[in-house]
Amino acid sequence: EDIYKREIAVAKTLYGEESAEVSMAMGNLASVLLTKGESKKAEEVLLASIELDHKRKDEDSKDVMRRMRMLALAYSNRKEYAKALKYYTIVEEHLVPDSEDDPMLAAVLNQMGHMNRLLGRPDRAIREYEKQLAAVERYYGDQSIYYAGVLQNLAEAHVADGDQEQTKVYLD
């Protein structure tokens with residue numbers, strides 16, 4: 001944590017108070033804070049870094065998306081699922097046009113499905129998991145452990161939705 005705080009100070013001196021390097025260093029600090037279970041502090045750092053990105057009109061880079069994913073995780077850790085879903089949705093919207101980063105897209109879709117399940121919206125969770133299944137199949141193939149995990153998630157979402165027939169299809 002101390003090293004990343006020093007990194008922020010050095011980046012401010014070398015590159016300027018609102019530089020991309022400062023935002024990136026803040027993301028590194030937030031990662032440590034999340035690991036330590038300090039979600040509120042991580043949220044504060046991440047929101048400040050995203051505000052810097054906004055001022056620079058640099059809101060679409062992969063590093064910004066990484067920090068938005070961390071912000072979603074901070075909210076999820078605090079059981080603020082609707083806020084988490086908001087940021088996962090932003091990340092998904094930036095990844096879908098590229099569709100090149102299927103592992104990240106698959107992870108985001110998984111979290112979106114999970115947030116919807118926790119919010120009591122199994123129908124929306126099913127839609128996210130179905131999109132995730134396609135991304136996982138493209139990247140890992142339909143014989144991978146990841147593919148099997150998505151099938152399990154789909155089965156659980158269908159249980160919550162009351163569709164026993166579709167549940168059995170996915171479990172089979």
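## Helices H4 and H5

A helix axis here is a line fitted to C-alpha atoms over the stretch in contact, and the angle between two axes runs from 0 to 180 degrees between their N-to-C directions. With that in hand, let us look at this predicted model. Helix H4 covers residues 62-77 and helix H5 covers residues 81-95. Their axes come within 7 Å and cross at roughly 160 degrees. Because angles over 145 degrees count as roughly antiparallel, H4 is roughly antiparallel to H5. The crossing of H4 past H5 is left-handed.

Which residues of H4 and H5 meet? On the H4 side you will find Met65, Met68, Arg69, Leu71, Ala72, Leu73, Tyr75 and Ser76. Facing them from H5 are Tyr81, Lys83, Ala84, Tyr87, Tyr88, Ile90, Val91 and His94. Sorted by class, this contact of H4 with H5 has 12 nonpolar, 2 polar and 2 charged residues.

## Helices H1 and H2

Now turn to helix H1 (residues 2-15) and helix H2 (residues 20-35). Their axes lie 8 Å apart, and the packing angle is about 175 degrees. H1 and H2 are therefore roughly antiparallel to each other.

From H1, the contact uses Tyr4, Lys5, Glu7, Ile8, Ala11, Lys12 and Tyr15. H2 contributes Glu21, Val22, Ala25, Met26, Asn28, Leu29 and Val32. How many residues of each class does the contact of H1 with H2 have? There are 9 nonpolar residues, 1 polar residue and 4 charged residues.

## Aromatic pairs

The model holds 3 aromatic pairs. In one of them, the ring centres of tyrosine 75 and tyrosine 87 are 5.9 Å apart and the ring planes stand at 25 degrees, so the pair is stacked. This pair links distant parts of the chain, since tyrosine 75 sits in helix H4 and tyrosine 87 in helix H5, 12 residues apart. Are these two tyrosines buried or exposed? Both tyrosine 75 and tyrosine 87 are buried.

Tyrosine 139 and tyrosine 140 also form an aromatic pair. Here the centres are 4.9 Å apart with 80 degrees between the planes, an edge-to-face arrangement. Tyrosine 139 has a relative accessible area of 47%, so this residue is partly exposed. Tyrosine 140 is partly exposed too, with a relative accessible area of 36%. Ring pairs join Tyr139, Tyr140 and Tyr146 into a cluster.

Conventions:
Residues are numbered from 1 along each chain as its sequence is written. This is a predicted model: local features need pLDDT of at least 70, side-chain atom pairs count only at pLDDT 80 or more; totals for chains, interfaces and linings use all residues. Side-chain values use heavy atoms; hydrogens and water are left out. Helices (H or I, at least four residues) and strands (E, at least two) are DSSP runs, numbered from the N terminus. Angles under 35 degrees count as roughly parallel, over 145 as roughly antiparallel, 65 to 115 as roughly perpendicular and the rest as oblique. Contact means heavy atoms within 4.5 Å. Ala, Val, Leu, Ile, Met, Phe, Trp, Tyr, Cys and Pro count as nonpolar, Asp, Glu, Lys and Arg as charged, and the others, Gly among them, as polar. A crossing is left-handed if the near helix is turned anticlockwise from the far one by less than a right angle, and right-handed if clockwise. Rings of Phe, Tyr and Trp (its six-membered ring) pair if their centres lie within 6.5 Å; planes under 30 degrees apart count as stacked, over 60 as edge-to-face and the rest as tilted. Buried means under 20% relative accessible area, exposed over 50%, partly exposed in between (1.4 Å probe, protein chains only).
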